[in-house]
Amino acid sequence: MPASAEKFTAERILWKQCWTDRLISLRLSSDPAFRFIPGQFARLGLQIPGTGFIWRAYSIVSASWDEYLEFYSIVVPEGEFSPRLARLEVGDEVLVDKTPHGFFTADRFPDGEDLWLLATGTALGPYLSILHEAAVWQRFRHIVLVHSVREAVELSYQPEIAALRRHPLWAEHGHKLQYLPVVTRETVPGALSARIPAMLQDGTLERATGLTLSPERSRIMICGSPQMVTDTHHQLKSMGYQLSRLSAPAQLALENGW
Ligand SMILES: Cc1cc2nc3c(=O)[nH]c(=O)nc-3n(C[C@H](O)[C@H](O)[C@H](O)COP(=O)(O)OP(=O)(O)OC[C@H]3O[C@@H](n4cnc5c(N)ncnc54)[C@H](O)[C@@H]3O)c2cc1C
Ligand SMILES: NC(=O)c1ccc[n+]([C@@H]2O[C@H](COP(=O)([O-])OP(=O)(O)OC[C@H]3O[C@@H](n4cnc5c(N)ncnc54)[C@H](OP(=O)(O)O)[C@@H]3O)[C@@H](O)[C@H]2O)c1
């Protein structure tokens with residue numbers, strides 16, 4: 001954890017959105033020297049008088065070319081960090097470790113036909129950054145974004161997801177995106193309702209998209225609760241998919257959301 005001022009910058013909150021009492025987004029000013037690959041995470045810090053620094057990992061939501069850094073955060077009432085973060089307002093300071101972290105990036109895959117982005121909860125965030133890269137839209141024929149939440153009110157960023165299809169930087173590719181919201185604890189028209197591993201197993205995701213899943217054509221990113229990542233990984237392993245490594249490129253990339 002960075003503890004000296006050479007290792008972090010102090011940034012200001014420029015914008016704040018409260019989606020629900022448990023979900024917020026923040027935009028911070030960004031040091032021009034902070035450069036990241038979409039899918040990476042930052043370490044955010046707060047200095048607590050009498051306690052010292054607290055640091056937590058947060059996936060970056062904004063594009064690599066945005067002049068700000070955006071984050072999408074859960075508020076865990078009993079957590080040490082997130083309730084303090086949620087109480088801050090525009091103009092307040094948050095520390096940002098100068099080094100971005102992580103390998104959950106789309107450039108780790110060999111080319112394929114279809115890119116599947118599977119998320120629960122706040123793990124939607126890294127995909128929004130990844131989907132702001134023109135190269136991703138050019139590389140794949142189809143892109144499927146699956147976002148699973150308990151209740152419909154937690155389906156954040158819907159206007160932004162719709163706007164991705166019309167973005168001028170990749171306008172001719174915008175039609176490639178299919179967005180599949182999943183709501184598991186209430187019935188919502190237009191949303192799927194089962195857990196992601198079950199829908200991979202029984203073909204629901206293939207039917208919903210009209211796409212065939214196969215190790216030859218599918219590249220799959222999985223991010224969410226550790227249990228969801230484990231269960232989805234096991235399901236896909238049983239279907240013949242393998243983790244993509246630098247030494248052995250394959251179909252899957254995983255990141256635990258905490
Ligand atoms: C690589 C990485 C990337 C991360 N990216 C994000 C992000 O983009 N947004 C974000 O909100 N959090 C993210 N986290 C989690 C984040 O670092 C904090 O754990 C979280 O914000 C809660 O902090 P806390 O101190 O309040 O509670 P903590 O003591 O850190 O966590 C308490 C408990 O809250 C639950 N929890 C923690 N994070 C989440 C979450 N995101 N969704 C649902 N339940 C959770 C877990 O049960 C955890 O044990 C990430 C973690 C890692 C390792
Ligand atoms: N969301 C809320 O309203 C709420 C309210 C109070 C407290 N909390 C607490 O906050 C924490 C995080 O809640 P959250 O709703 O953000 O995250 P979550 O419990 O991980 O649920 C988010 C989505 O992931 C799904 N999911 C959970 N485990 C899965 C698995 N193993 N495989 C596939 N899908 C899985 C959930 O489906 P299922 O619905 O089938 O689990 C839901 O659709 C939890 O510890 C919870 O106790 C949440």
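## Basis of the values

In this predicted model, local features need pLDDT of at least 70 and side-chain atom pairs count only at pLDDT 80 or more, while totals for chains, interfaces and linings use all residues. Residues are numbered from 1 along each chain as its sequence is written, chains are lettered from A and ligands numbered from 1 in the order in which they are written, and side-chain values use heavy atoms, with hydrogens and water left out.

Arg12 belongs to strand β1, residues 8–20 (strands are DSSP runs of E, at least two residues, numbered from the N terminus). Arg12 counts as partly exposed because its relative accessibility is 42%, and partly exposed means between the limits of under 20% for buried and over 50% for exposed, with a 1.4 Å probe and protein chains only.

Although Glu93 is 81 residues away along the chain, its C-alpha atom is 4.6 Å from that of Arg12. Beyond four places in sequence, the residues in contact with Arg12 include Arg27, Asp92 and Glu93 (contact means heavy atoms within 4.5 Å).

## The surroundings of ligand 2

Ligand 2 is surrounded by 15 residues, the closest being Arg22, Glu154, Thr184, Arg185 and Arg195 (a residue is near a molecule if one of its heavy atoms lies within 4 Å of it). An oxygen atom of ligand 2 lies 2.7 Å from a polar side-chain atom of Arg22; for Ser148, a polar side-chain atom is likewise 2.7 Å from an oxygen atom of the ligand.

Conventions
Helices (H or I, at least four residues) and strands (E, at least two) are DSSP runs, numbered from the N terminus. A polar contact is a pair of N or O atoms within 3.5 Å; within protein, one must be able to donate a hydrogen and the other to accept it, and residues adjacent in sequence count only if both atoms are side-chain atoms.
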